Amino acid sequence: MRHKIIISRADGVNAAYELCGLVRRAIVTALDAEGVYVPCEINVLFTDNEGIREINNEMRGVDSATDVLSFPMYEFTPGDFEVDACQLDEGSCRLPLGDMALSIDRIKEQAADFGHSVSREAAYLTVHSVLHLLGYDHLDEGKMKKQMREREEAIMDELRLPQ
């Protein structure tokens, strides 16, 4: 059984078909790299800066736009995925990992700012979000952030995307 990745778009948001495929590939690559071999379900929302600002305000009390938001279903230890600590959905026999929201506006802005492609930025933010769903965080400027950045870089290397 394979992962179920549900991609939706907010009203008026046009995410290219290629980005949808890339996001799916980035999710699967990140899950494989982290040793997650149980079939999972992840919901992905493409939105714009206003939409992600509203979600950020509603869910986190932060009234500003951001690039990506992640809403994990479980609290995992980074780098130590334990399927036994989870409950598979009875109907689908999949592990509901959580949800992510990606701002298409911010993806385009950051790609231009960093001098790389929109595809690369979308993949990076997707990998970043999957790692959040798996317990990684970067709130500190030390060990946790370093661990997350190392995993992001390793997974991005596996994706072999052009700049």
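I started at Val-36, which lies in the loop between α1 and β2 (40–47); helices here are DSSP runs of H or I with at least four residues, strands are E runs of at least two, and both are numbered from the N terminus. This is a predicted model, so I kept in mind that local features need pLDDT of at least 70 and side-chain atom pairs count only at pLDDT 80 or more, while totals for chains, interfaces and linings use all residues. Residues are numbered from 1 along each chain as its sequence is written, and side-chain values use heavy atoms, with hydrogens and water left out.

**Val-36**

I looked up the accessibility of Val-36 and got a relative accessible area of 0%, so Val-36 is buried (buried is under 20%, exposed over 50%, partly exposed in between, with a 1.4 Å probe and protein chains only). Leaving aside residues up to four places away in sequence, I found Val-36 touching His-3, Leu-31, Phe-81 and Leu-134 (contact means heavy atoms within 4.5 Å). I also checked Val-36 against Phe-81: they are 45 residues apart along the chain, and their C-alpha atoms are separated by 6.8 Å.

**Rings**

I count two aromatic pairs (rings of Phe, Tyr and Trp, the last by its six-membered ring, pair if their centres lie within 6.5 Å; planes under 30 degrees apart are stacked, over 60 edge-to-face, the rest tilted). Tyr-74 and Phe-76 have ring centres 5.8 Å apart and planes at 45°, so I noted that pair as tilted. Phe-76 and Phe-81 have centres 5.1 Å apart and planes at 50°, so that pair is tilted as well. Together the ring pairs link Tyr-74, Phe-76 and Phe-81 into a cluster. Which of these are buried? Phe-76 and Phe-81 are, with Phe-76 at 10% relative accessibility, whereas Tyr-74 is partly exposed at 21%.

**α1 and α4**

Next I took the helices. α1 (residues 17–33) and α4 (residues 118–133) pack at about 40°, with their axes 9 Å apart (axes are lines fitted to C-alpha atoms, for helices over the stretch in contact, and angles run from 0 to 180 degrees between N-to-C directions). That makes α1 oblique to α4 (under 35 degrees is roughly parallel, over 145 roughly antiparallel, 65 to 115 roughly perpendicular, the rest oblique). On the α1 side I listed Leu-19, Leu-22, Val-23, Ala-26, Ile-27, Ala-30 and Leu-31, and they meet α4 residues including Val-118, Ala-122 and Val-130. By class, this contact has twelve nonpolar, two polar and no charged residues (Ala, Val, Leu, Ile, Met, Phe, Trp, Tyr, Cys and Pro are nonpolar, Asp, Glu, Lys and Arg charged, the others, Gly among them, polar).

**α4 and α5**

I then followed α4 to α5, where the angle is about 130° and the axes are 10 Å apart. These two helices are therefore oblique to each other, and their crossing is right-handed. Among the α4 residues in this contact are Arg-120, Tyr-124 and His-128, and α5 brings Arg-149, Glu-152 and Ile-155, among others. The contact divides into eight nonpolar, two polar and four charged residues.

**Positive phi**

Cys-93 has a positive phi of about 60° without being a glycine; Cys-93 lies in the loop between β3 (68–72) and β4 (95–103). Arg-160, also not a glycine, has a positive phi of about 50° and is found in the segment after α5 (143–159). I noted Cys-93 as partly exposed at 42% relative accessibility and Arg-160 as exposed at 71%.

Key:
A crossing is left-handed if the near helix is turned anticlockwise from the far one by less than a right angle, and right-handed if clockwise.
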